[in-house]
Amino acid sequence: MELVYGHPKSLVSVQSKYCPGCGHGVIHRLICEAIDELGVQDRSVIMNPVGCSIWADLYFDFDSVQAPHGRTPAAATGVKRMLPDHLVVCYQGDGDLAAIGTAEIVHAANRGEHFTGIFVNNAIYGMTGGQMAPTTLVGQKATTAPYGRDPVDAGMGYPIQVCELLATLGGTRYLARGAVNTPANVRKTKQYIKKAFEAQLRGEGFGLVEILSPCPTNWQMKPGEANEWLEQNMMPYYKLGEIKNTLEEAAK
Amino acid sequence: MANKGKPEIDRERCKGCHLCIRACPTKVLAPDDEPNSWGYYPAKAVALDKCIACGNCYAVCPDVAITVYKL
Amino acid sequence: MADEKRLMKGNEAIGEAAVRAGCRAYFGYPITPQNELTAYMAKHMLDKKRTFIQAESETSAINMVFGAAATGARAMTSSSSPGISLKQEGISYACGADLPMVIVNVARSGPGLGGISPGQADYFQSTRGGGHGDYFHIVLAPKSVQEAADLTYKAFDLADKWRMPVMILADGLIGQMMEGVVFPPARDPESLPKKAWAAGNRGARKENNHVTSINLVPLELEALVKARFERYAEIKKAEVAYEEVNVDKADLILVGYGTSSRVALGALEMAKAEGLELGLFRPISLWPFPEKRIAELAAKGKKFLAVEMSMGQMVEDVRLAANGKGEVHFYGRCGGVIPSEEEVLAEAKRLLGK
């Protein structure tokens, strides 16, 4: 018997606090697979945000820095500027990145900072129990949008397409959007993550991978249904693929 | 198709999300009748001879509860 | 070069001292009256190929400091009153994660947007832990350009020693005025001690370092906070700093820090010329506050006149320390008005029944 797919070395082998079917588990694993393949576990640093993935430091077997809500890219800037030869992973959810932290991600991206952004987009606030997120879809229900997100009468705004927003900034080089709802999408997402990490290690910035992820608990669906819902509702609006790639020719 | 692979599921690590069952192209997996100590009903290999070691189950498992071997 | 006396603006002297102390990263945002400090750091940090970022906000800046400090690097930010308000969450996090850093507040008048003239109404914010939660950090108040430089240089050492933010609480007058200053020699950042608790640069380290302030287990969090307060108790023993003039002879002691202390000293000298003995007690460490010495003087029946550019903040610490002994009075101006020596002397005389 030959082992084909096993537990990544840089991922802590412990049951996680994440809900059954949560996308964080898959994304954590993909990050660790890439780190193992690149052989950089001993010089990796994870920035764990506020949100469900506050717990990320329990699951990544390397150093971590936990910053105030939304400020993760600012703290990541400080870390990466001091540790330029380390792999710095700035892991954020949709509240951390696109609500309270909008200024920080825009300006870190615009400065072309060399850490890699991992943006987990599950169109809802998870940890705090299901409030509307900047990426919640029009008509989608949340505890703070009980009748569905309504941009017209209730002035609740429109869902933000982060990769496209950041693509306008001079400092951005690689912006990709993946999803973890099917094995094929999981594998593509892994490629995007690894490409972004390789760019960072080569000294190219700014790179970010947005990943559409299910939140079965707060969407109030079973995990299988949640992945269906993601495909039918999120993917038409949040297009998958490399949204921007102006990396050096050889790396493209 | 010749049996090429074998998935091993860590019952206690599994949270019973059953995404692996959904992802398996040859229907190797199904929910177990017996819950684990957390109260989850883990996935279970019920048709091992059908496994082709494609790794789809591993790819979608959020808990890395599955190890896949090639025979 | 290290010991030539230079004529410099306070803001710039603070910058030069920070660079010499081995500051590796400065993150700031423009705000009056400290912009010369940010500009000085831009030039000199870039010249020395260290890190300078004009951040998108004061909030971002303190969080950049947080990240840099988490790796063990000497990092600093500066701002003025409204911008310091923006930093309070970051400061609370830094104290909760036991991170060393230096924060300079060149205070102005408030509240709100207020004015750009000097103020001392950030005393509560600085010494009471202006952010949320149980914490304190060292606060040092210079009275001159020389002292601003000396205390900034020292702040980095204190921050590293005690694993906490150290704040330099200056005001717009000190930031803007020009005086002679002599600087200590520059430290090579590479020669500074490494920090075993920092993220990154693991070397042979087996355990992961997690820089964080979260703990959801109440008994554990309580134990962490109590351990931190034991450290605070040691700081109170080791880092109190103050200056006194003529406190033994005088019946009335003027109490003031920073710019107010210079005004008070002027009043003291005017009084002396008239044959009246006044004293001056100048706290240099606002936290830890020199409560023991105030208590000793109060026990001798001294009268205190706290002089502040505020509606009365430091005076509360004087009252607490005096603990019902002696007498504690207050004279203040606010809105950016600096009290005059004549006003202070007049109030002192009034209290002495002269």
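These questions and answers walk through a predicted model, its helices, its chain contacts and one of its sheets.

Local features need pLDDT of at least 70, side-chain atom pairs count only at pLDDT 80 or more, and totals for chains, interfaces and linings use all residues. Residues are numbered from 1 along each chain as its sequence is written, while chains are lettered from A and ligands numbered from 1 in the order in which they are written.

User: At roughly what angle do the axes of α3(A) and α5(A) cross?

Analyst: Helices are DSSP runs (H or I, at least four residues) and strands likewise (E, at least two), numbered from the N terminus. Axes are lines fitted to C-alpha atoms, for helices over the stretch in contact, and angles run from 0 to 180 degrees between N-to-C directions. Helix α3 covers residues 72-82 of chain A and helix α5 covers residues 102-110 of chain A. Their axes come within 7 Å and cross at roughly 35 degrees.

User: Which residues in α5(A) does α3(A) meet?

Analyst: Two residues are in contact if their C-beta atoms, placed from the backbone, lie within 7 Å. From α3(A) come Pro73(A), Ala74(A), Ala76(A) and Thr77(A). Their counterparts in α5(A) are Glu104(A), Ile105(A) and Ala108(A).

User: Which element gives the most to the side of chain A that touches chain C?

Analyst: The contact takes 26 residues from chain A and 33 residues from chain C. On the chain A side, β3 (63-66), α3 and α5 each supply at least two residues. With eight residues, the element that gives the most is α3(A).

User: What is the bridge partner of Val65(A) in β10(C)?

Analyst: Two strands pair if DSSP finds at least two bridges between them. Two bridges join β3(A) to β10 (residues 210-211) of chain C, and the strands run parallel. The partner of Val65(A) is Val211(C).

User: Is Gln176(C) buried, exposed or partly exposed?

Analyst: Gln176(C) is found in helix α8 (residues 172-176) of chain C. A residue is buried if 20 or more other C-beta atoms, placed from the backbone, lie within 10 Å of its own, exposed if 12 or fewer, and partly exposed in between. Gln176(C) has 19 within 10 Å, so this residue is partly exposed.

User: Which strands stand at the edges of the open sheet?

Analyst: Three strands form the sheet in the order β1(A)-β4(B)-β1(B), with antiparallel pairing. Two of them have a single partner strand each, so one side of each is left without a neighbour in the sheet. Those edge strands are β1 (2-5) of chain A and β1 (5-9) of chain B.
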